Amino acid sequence: MKERRRHALLVATSSYEDPGLRGLWAPLRDATELAEVLGDPAVGAFTVKVLDDPGAQELRREVEDFFADCTVTDTLLLHFACHGLKDEGGKLFLAAADTIRTRLESTAVPAEYVSRLMMRSRAGRAAVLLDCCYAGAFERGLFSRADPEVHVEDSFGALERVAGERGRAVLTASSAVEYAFEGSRVVPSAAAGSTMSAGVSEDRPGPSLFTGALVDGLRTGDADLGGDGVVGLAELAEYIGRRVRTVTPHQNPQLWMFGAHGDLTIAHAARRPDTVTRPVGGAVSEPVPHEQRLAAVAELRTLLHGPDLPRALAALAEIDRLIGDDHADVREAARRARAAVAPRIAHADRDLGAVPPGWHADVPVLGPPVARAASEVSSDCDWLSVRSSTQGFVLSVLPAPQGFHEGRVVIRTATGECSLTVRVEIIEQTDPPVVTLDRSEPPRRSFGARPAGRWTLLGGKVLGALLMAVAAAQSHPRGMWPAMVSVSALLFGTAMVTGLRPTSTGTGRGGLRLPGVLEVVLSVGAVLGLGVHTLVSSDTDAGAAFFVFAAGAVLHLAMNAPSLLTVSPSRGRLFIGTAALLTVSTVVTVGLLGPSADRPVARYDRPRGDILVEGEPVTGTKDTGGTPRYQRTYKNGPLYAAVTGHASQVYGTSFLEDTEDDVLTATRSSQEKGDDIATTIDSAAQEAAFRGLGDRQGAVVALDPRTGAILALVSTPSYDPSRFAGDSPADRTAWEALQKNLNHPLLNRALRQAYPAGSTFKVVTAAAALEYGLYDSIDAKTDSPSPWTLPQTVTEMRNEGEAQCENVSLRQALVESCNTVFAKIGSDLGGKKMVGQAEKFGFNSEQAVPVRASESVYPDGAGPSQNALSAIGQYETSATPLQMAMVAAAVGNDGALMRPYLVQEDGGRPRVLGRPLAKTNADKVQEMMQSVVETGTGAKAAITGVEVGGKTGTAQTAESMYSWFVCYARPDPGSPAAVAVAVVVQDEATSREVVDRDAVAVPIAKRVMEAALTR
C-alpha cells in the first residue's frame, strides 16, 4: 500500500513593489506560526514549505509543482495570505510581491489557475485556504482582508463540476460581500490568537483574525468540536467562524466542499476539558451570556434559511435546544426562528373542480430547503394518492364513484407539519347503451318500393338526418355529441342508398328489412344514449338541441314504418312500437327529470369573466373544442401577471384569478360566462413601472393616498400566464421551466416578498419621534452623539461615508440618513412605542387587497440594542413594497392611512385603515422628505411644478444588495398627495457606496409618478 503523505504549502506576501498595494503586517508571522503547528507530528503531521514574498512566476511554478508531485493517497493543503484583486471582468487574482495592479494577467496568479491545478491533481484530497486582502479598504486602523467585489465560489466553481470522487475544498476568510480583518488596537491580537501576540506593538496590527483563529484552534485542540480527537475542515471552519464573529460581526468565513465524501482531516487534537466553544448541536461546559446566545440564534436562523441542508438540519436541532433556554429573550428568538421555517402551503383549502380519475396536480410546499427536508405526506381518503416531490407533493385522483369528495392531506417535515383540505368532483364518461335485435323474416314488397312512395320516404329520411346533424353540430362539441354527428351522417347515407335502390330484397330473420332496421336502431339508439347521458352527466345541456335531434330521429322512424309494417305486420308493429315507445319515453323523461335551465356546471365549462384595466380586458378565453372546453388567455401577460396571477386547467389559480374566482367563474348553466372584475390599475403607471424595472429583480407598488387604490403593481422577472393555462404537454413543460427558474418569476415580490427595510424605515422612526413628543421641531438640534454606542454593548455605531450627524436636526438627519440619530431615537422611545408606531402603519399584520400580502415585521420583544438597529431598518425589520408604499401614502395623505385595494367596489367608499400621524406631524415629515428630494439622495425624483417628498434606502443581505425609494407626489400644495410609490431593486453591485451613488430605484419611481399624475 502506498504511503499516505501530507503536504502543505504556505504563501505569505507582505511586501509589494506596487505602491498602490499597501503592505501587510501579518502574513509572514502568520505563516511561521501556521507552519509550526501544521508541521508538528502530534498535530498536523504535514511536510510544510513556506514561500516568503514570492514573485508571480515563482509562485506559479511552486503551486504547479505542489499539485503535480503527488499521488492519490496524498492530502494537500495550500494557504494564501496576500492581497486579492479583481479585474474589470470580475476575475479574481492573488497578488505576488511583484504584482502590478494594471497588469494582473502577467504579474499576478489567477484564482482559476489554482482551481485548474487543484482539479487536475492526482491527490486524493486537497484544500485551499484563502486569507486574502485587497487594496484601498483601510478604515479605522483595520486592514480589509477580502474584496467585497471578489466572489471566491465563482472562481473555484469548476471544481463542483469535475471534482467527482476526489475531495476538494475552499475555505475563505469571509464571504464575497464582507471584510476580513487584521488585528489592531481596535481588534486586540489576543482576540485573534492568544498564542500569537508576542512582539506586537501598540501601533502595529496583530495577526490575521482568520489565520490567528486557525492556528490557535489547532494548537490548543479547541477546533475539535466533536471531541473525537480529530479536527476536520468543516469543524475547523465552524470554529474559526465563531472565533472571528466574537471579535467582529462583519466577517463571516465561508467553506465550500466539492466532491468530498466525509470531512477532510486537518489535524489531531487532545480535547481539553474546559472547552467553552460549542458547535451547532454540541454541549456547553461553561455558561454563555444570553447576549451571545441571542447572537447565536440570529446566526442559526441564517443557516436555517440557507441552501446547505446538513448545516440547516444541525442548526434546527440547536434551535430546538435553545427553545428551552432559561432566558425569555433567547426562548422567544428561538421560537420565532423555528416558526419562520415551518412548512407552509399557499392555500390550506383547495377545490380541484370536476376532474376524471388519473388527474394530478403539483402542490408546492413553501419555505426554505430545510422546510421540505425529510418530508412525509399522507392522506385520509382512498380516492386520492399523494407522493412527495422536489418542491412539495403531487396529488393524483384515483378511480372512485362519481360525485363530490373531500379529504385531508398532512405533510410532515423536519421543521413541522401542515395540512391541506382537498375537494373534488369526480366525473367519468357514460357510454351509450347498445341495442341488439334478432334478424327478421324475408321482406315483402313495401310502400317504398313504389316510385312515389320511394321519393317521399327518401325526402323524409334526408330531412330527419339533416335535423339531427344540425342539432349535433350546434350543441357542445364534447361528450356524445360528436358521435351523434357521425350517426346522422350514416343515416343520411343509408337513406340515400335505400332510396335509390328500392328493389333490394335483403332481409333479416323474421322478415324485417335490414336497412330499415339499421336506420331505426341507429336513430332510436342515439336518442336513448343522449337521453341517458343528459340525465346522469353534469356536463351536457339538455336544451333545444336534444329535442331537435329527437325530432329528426322520430322522422326517420316514421319514414321506415311503412316498409317494415308491409314486410311483416306483426313483427313490424312490435318493432316500431318498441322503438317509438323508447324514443317518446326518453324525450318525456329528459323533459321532466333532466337538468333545469339553471344548474351547476363544471369548471371551464363556460368562459371565465375578464379582468379589466381602465375598462379594457387584459384577459380572455378561447374555445378549445375539448374537455375542459374553455382555456384562459392573457393580453400582455407579463405586464399584468403580478395583478392577474394565472388560471390554469392543471395548476390552479393565483392572485386575482384565485381571490375573485367565485366572481370570474360561471357556476350555473344560465350564465353564458363569468362576471368581469374591474381593477384600480392605471395602465400608464403600470407600464412605466414594468419598463423601469426591465430585466432586474425587483418590485413597484403605486397607491392613490386619498383612496388607497392600487395604481401599479409590478414584480420582475415576470412570466406569461398563457403559456401554461391549458393541459397540453407544452403547458406542462412551460410550468416545469418556471418552477426550475432560479430567479423565481412566479414569486410576487410586490406583495409576497418582505425585504430588509433599510433606511426607508427611518420615515417611520421620525414619525414616532414626533408622535410621542420626543421632539417637537424638525429643525432643532437633537441629542445625538456620533459615533454612538449601542445600549448594553461596547459596539460603536457610525454613519456611512462623510455624513456629519452629531446632534443634527431631524430634517438634516433624514437628508444625511444618519444611523446614529434614528437608532438613538428608537432606543430613547423604547421597543413598545416603536412597535406601536410601526403597527399603526400596518406592520405585523397581513394585508388583503384582496390578494393576501405577506406580513411586514417590526420585531416585538427585541432587546435594547436590537431595537435600536430595528429603528434604522436593520436586524429583523422587513417590509414588502406594498407596506412601504402605505407608509409614504399615509405621510402624503396628511397622516391618514387608507385601506389599499386592487378591485373596484361598486358603490363602495374608500375606508380609513388608521391615522398613524396627526396632521401637524404629517406636515413636518412631509417637509423632511421634501428636503431629501431637494438637497439629498432623492434629487433625481424631482418633478417640475410638483411637490415631491421621498427617502432612499440601501439594504444588504449575505447574498444581495437592495436599492429602495419611497415617495409621494402632490401636484396641488393645498391638497393631499395624488400618488405614493415604493420601489425596490435587487442591485448587482456588492458595494454599498456604489448602490447609494447610483440609487437605481429613484428614476423608476419618478417615471411612475409622472405617469400616474397624467390620469
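Which residues are buried in α29? In this helix, Pro881, Leu882, Gln883, Met884, Ala885, Met886, Val887, Ala888, Ala889, Ala890, Val891 and Gly892 are buried, where buried means under 20% relative accessible area, exposed over 50% and partly exposed in between, with a 1.4 Å probe and protein chains only. Helices (H or I, at least four residues) and strands (E, at least two) are DSSP runs numbered from the N terminus.

The model is predicted: local features need pLDDT of at least 70, side-chain atom pairs count only at pLDDT 80 or more, and totals for chains, interfaces and linings use all residues. Residues are numbered from 1 along each chain as its sequence is written, and side-chain values use heavy atoms, with hydrogens and water left out.

The protein contains 32 helices and 39 strands. Of its 1015 residues, 54% count as buried.

Just after α29, aspartate 894 has a positive phi of about 60°.

The structure has one disulfide, defined as a pair of cysteine sulfur atoms within 2.5 Å. Its partners are cysteine 805 and cysteine 818, with sulfur atoms 2.1 Å apart. Cysteine 805 lies in the loop between β31 (796-797) and α25 (810-816) and cysteine 818 in the loop between α25 and α26 (819-829), so the pair ties together parts 13 residues apart in sequence. Both cysteine 805 and cysteine 818 are buried.
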